[in-house]
Amino acid sequence: MSQVTRGPAFRSSPSNPDIKEIQTIPERHHDMPYAPAIRIESPGDLLFISGATASPLYHAHPHEWHEHNHANDIETQIHNAMASIKSILDHEGLSWTDIVKVTKYLTDMRDQDGLNAVLNGYFGDWKPASTMICVNSLSTPGARVELDMIAVFPRA
């Protein structure tokens with residue numbers, strides 16, 4: 001098995017050096033009230049990816065609404081969310097087939113077939129565990145989908 005080249009961690013937890021905060025754009029960390037991902041290096045080498053919407057991964061907090069002009073169609077929103085997740089996977093040297101769990105949040109359950117079809121384009125035959133939840137709203141007006149994921153690093 002090939003060695004995975006992981007991007008550098010931004011910092012470690014002050015109480016547990018095995019927990020690493022991942023910031024793919026470290027100079028923008030002050031804009032974020034959460035980490036885009038958390039890497040657990042021991043014993044299981046897990047990556048917990050924060051929820052992604054159609055909004056840019058790095059955006060101001062409190063929100064500046066001009067950064068959150070979402071396309072109305074669900075497919076474009078899903079592709080934008082997946083682009084943010086892909087940037088984290090790339091930073092960590094992982095691929096879609098390293099994902100073991102996906103949590104899907106929709107504001108309209110009628111979008112679930114479209115969501116699954118778009119995700120199939122990314123995952124192909126790989127089928128991670130999945131949970132789908134319908135919510136009243138997401139973090140910004142107009143957001144129709146949010147995705148969070150858990151990935152596992154291959155053993156060296």
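**Exercise 1.** How many nonpolar, polar and charged residues does the lining of the largest cavity have? State also which elements supply this lining.

*Solution.* The model examined here is predicted.
Step 1. The volume of the largest cavity is about 40 Å³.
Step 2. Its lining consists of Tyr34, Pro36, Ile49, Ser50, Gly51, Ala52, Leu57, Ser84, Ile85 and Ile88.
Step 3. Sorted by class, the lining of the largest cavity holds 7 nonpolar and 3 polar residues, with no charged residues.
Step 4. At least two lining residues come from each of S4 and H1, and S4 gives the largest share, 4 residues.

**Exercise 2.** Describe the largest nonpolar core and the surroundings of Ile49, one of its members.

*Solution.* Step 1. The largest nonpolar core has 30 residues, and those touching the most other members are Leu47, Ile49, Met82, Ile85, Ile99, Leu147 and Met149.
Step 2. Two or more residues of this core are given by each of strand S4 (46–52), helix H1 (74–92), S5, H2 and strand S7 (145–152).
Step 3. H1 contributes the largest share of the core, 7 residues.
Step 4. Leaving out residues up to four places away in sequence, Ile49 touches Pro36, Ala37, Ile85, Ile88, Leu89, Ile99, Asp148 and Met149.
Step 5. Ile49 also belongs to the lining of the largest cavity, as do Pro36, Ile85 and Ile88.
Step 6. As a general background, nonpolar side chains in soluble globular proteins tend to be buried together.

**Exercise 3.** Determine the volume of the largest pocket and the makeup of its lining.

*Solution.* Step 1. The volume of the largest pocket is about 160 Å³.
Step 2. Among the elements, S5, H2 and strand S6 (129–134) give two or more residues to the lining of this pocket.
Step 3. The largest share of the pocket lining is that of H2, with 4 residues.
Step 4. The lining residues include Val102, Lys104, Asn116, Trp126, Lys127 and Ser130.
Step 5. By class, the pocket lining comprises 6 nonpolar, 4 polar and 2 charged residues.

**Exercise 4.** Locate Asp111 and decide: is this residue buried or exposed?

*Solution.* Step 1. Asp111 lies in the loop that runs between strand S5 (99–106) and helix H2 (112–123).
Step 2. The relative accessible area of Asp111 is 10%. Buried means under 20%, so Asp111 is buried.
Step 3. Apart from neighbours within four places in sequence, Asp111 is in contact with Ile74, Leu106 and Arg144.
Step 4. Asp111 and Arg144 are separated by 33 residues in sequence, while their C-alpha atoms are 8.8 Å apart in space.

Methods
Residues are numbered from 1 along each chain as its sequence is written. This is a predicted model: local features need pLDDT of at least 70, side-chain atom pairs count only at pLDDT 80 or more; totals for chains, interfaces and linings use all residues. Side-chain values use heavy atoms; hydrogens and water are left out. Buried means under 20% relative accessible area, exposed over 50%, partly exposed in between (1.4 Å probe, protein chains only). Contact means heavy atoms within 4.5 Å. A nonpolar core is a set of buried Ala, Val, Leu, Ile, Met, Phe, Trp, Tyr and Cys residues joined through side-chain atoms within 4.5 Å. On a 1 Å grid over the protein atoms alone, a cavity is a set of points where a 1.4 Å probe fits but cannot get out, and a pocket is an open set with protein on both sides within 12 Å along at least five of seven lines; lining residues have an atom within 4 Å of a point. Grid points are joined across faces, edges and corners, and a volume is the space filled by probe spheres set on the points. Ala, Val, Leu, Ile, Met, Phe, Trp, Tyr, Cys and Pro count as nonpolar, Asp, Glu, Lys and Arg as charged, and the others, Gly among them, as polar.
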